[in-house]
Amino acid sequence: MDKSKRLFLKSKRSFRRRLPPIQSGDRIDYRNMSLISRFISEQGKILSRRVNRLSLKQQRLITIAIKQARILSSLPFLNNDNEKQFEKKRVGHYNY
């Protein structure tokens, strides 16, 4: 093969497969806080499927488990730092 043609070919990069975020033995449940906390951002938001690398079914189960944990007060709706900032902004807005 000519050198001129070889420049346009993509080099084959070896990629390392990552372990799946949820193992087969893990139960997706609202009580499993160690599992649930991996799929929540620092702000308390549920991370997307693309970020989590989950299947559609797993993402649905994780979302339901997170929402159940929030309702049962096992998990906050917002991070405590964000709540304080929100309250300061809201209180500062209303000057009576």
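**Exercise 1.** Which residues form a nonpolar patch on the surface, and what is their accessible area together?

*Solution.* Keep in mind that this is a predicted model. Step one: find Ile 71, Leu 72, Phe 77 and Leu 78, the residues that make up the nonpolar patch. Step two: take their accessible area together, which is about 440 Å². Step three: pick out Phe 77, which sits in the loop between helix 4 (56-71) and helix 5 (80-93). Phe 77 has 53% relative accessibility, so this residue counts as exposed; the cut-off for exposed is over 50%.

**Exercise 2.** Find how many salt bridges the model has, and which residues pair up in the one that links distant parts of the chain.

*Solution.* Start with the count, which is two salt bridges. Now look at Asp 26 and Arg 38, whose closest N and O atoms are 4.0 Å apart. This pair links distant parts of the chain, its members being twelve residues apart. Asp 26 lies in the loop between helix 1 (3-6) and helix 2 (33-36), while Arg 38 lies in the loop between helix 2 and helix 3 (49-52). Finish with accessibility: Asp 26 is partly exposed at 32%, and Arg 38 is partly exposed at 46%.

**Exercise 3.** Decide for Asp 29 and for Arg 31 whether the residue is buried or exposed.

*Solution.* First, note that Asp 29 and Arg 31 form a salt bridge, with 2.8 Å between the closest N and O atoms. Next, use the cut-offs: buried means under 20%, exposed over 50%. Asp 29 has 16% relative accessibility and therefore counts as buried. Arg 31 has 59%, so Arg 31 counts as exposed.

Terms used:
Residues are numbered from 1 along each chain as its sequence is written. This is a predicted model: local features need pLDDT of at least 70, side-chain atom pairs count only at pLDDT 80 or more; totals for chains, interfaces and linings use all residues. Side-chain values use heavy atoms; hydrogens and water are left out. A salt bridge is a side-chain nitrogen of Lys or Arg within 4 Å of a carboxyl oxygen of Asp or Glu. Helices (H or I, at least four residues) and strands (E, at least two) are DSSP runs, numbered from the N terminus. Buried means under 20% relative accessible area, exposed over 50%, partly exposed in between (1.4 Å probe, protein chains only). Patches are made of residues with over 30% relative accessible area and no salt bridge: like charges are joined within 9 Å, nonpolar side chains (Val, Leu, Ile, Met, Phe, Trp, Tyr) within 5 Å. Accessible areas come from the Shrake-Rupley method with a 1.4 Å probe; for residues, only the protein chains shown count as cover.
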